[in-house]
Amino acid sequence: MTSNSGNVARFGGFLSLSAPGGGWSKAALLALLLVAMPMASARVVHAAPAAPPSAHVYLMRGVLNIFSLGMDQIASRLQQQGIPASVHNHMLWASVADDAAAEYRSGRAKVIILVGHSSGATCLPDMVARLSAQGVPVKLAIGLDSVFHTSLSGRVGKYINFYVANGAGTRVERAQNFQGTLENVDVERVPGVGHLTIDKNELIQQKVIAAIDAAVASGPSVTPTTRPVARKPAPGVAPQASGARRAAAAN
């Protein structure tokens, strides 16, 4: 016990008072300790429970990384809902896929979702294949007007390809080893939709976000199928058009 100013002493981390000419009674000392103990226990901080595994939406911009600002709009709307979303340059697709694989393996993200516009949509099949090769399932992938013919391989829960049939967009084809559901949706009759506006169109954004919300709500399970799934025409979306599709190298 070390004295301090004659009347105050420190013992075992507690302050005790000493009266001139004598000590405190046992009853007074016991009362002081009972008061001090709750104050000390209040300092204990309990660790918060770990957050449950969540989703991560990776959005890929098109050529030059400046025209696909609809990806940023969608990411912002998802973040406002509490869904983690990040926007990337399509030229970095391989490293983005590897980052997604690391997120999945760490348990931080158990639902992997990919969205891309233009060249960002063209790289989505490559990202699906790369993730599949690493044993990482993609729950949902959504392409907006890919500018080159692409084919799907690997495993994905659902792949939705919105494309402008009378513009630069193209259909996505199914490779022999593809596992999942593929939908090609022609949106050429949606008012105001073109190659440079499809990602910013309100109706398209609503459809993209609704599909993402459904994928997140249903959890991490992926149930692939090798059989084509019939698609009912969505309100405001025209049936698929036939004929040759043009591929363009522009954004």
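Predicted model: local features only at pLDDT ≥ 70, side-chain atom pairs only at ≥ 80, totals over all residues.
Student: Which residues of H2 are buried, and how should I read their placement around the helix?

Tutor: The idea is to look down the helix axis and see where the buried residues point. In H2, which spans residues 70–80, the buried ones are Gly-70, Met-71, Ile-74, Ala-75 and Leu-78. Viewed in that way they fall within an arc of 140°, so they line one face of H2.

Student: What covers those buried residues?

Tutor: The cover includes strands S4 (54–61), S5 (85–89), S6 (109–117) and S7 (138–144), together with helix H6 (202–217).

Student: How do H2 and H6 pack, in terms of angle and axis distance?

Tutor: One reads the angle first, then assigns a class to it. H2 and H6 pack at an angle of about 45°, with their axes 11 Å apart. The crossing of H2 past H6 is right-handed. From H2, the contact is made by Gly-70, Gln-73, Ile-74, Arg-77 and Leu-78, and from H6 by Glu-202, Gln-205, Gln-206, Val-208, Ile-209 and Ile-212. Sorted by class, this contact has five nonpolar, four polar and two charged residues.

Student: How many helices and strands does the chain have, and what share of its residues is buried?

Tutor: The chain has six helices and 11 strands, and 41% of its 251 residues count as buried.

Key
Residues numbered from 1 in each chain as written. Heavy atoms only, no water. Buried < 20%, exposed > 50% of the residue type's maximum accessible area, 1.4 Å probe, protein only. Helix = DSSP H or I, 4+ residues; strand = E, 2+ residues; numbered from the N terminus. Arc of directions from axis to C-beta. Contact = heavy atoms within 4.5 Å. Axes fitted to C-alpha atoms, helices over the stretch in contact; angles between N-to-C directions. Left-handed = near helix turned anticlockwise from the far one by under 90°. Nonpolar A, V, L, I, M, F, W, Y, C, P; charged D, E, K, R; others polar.
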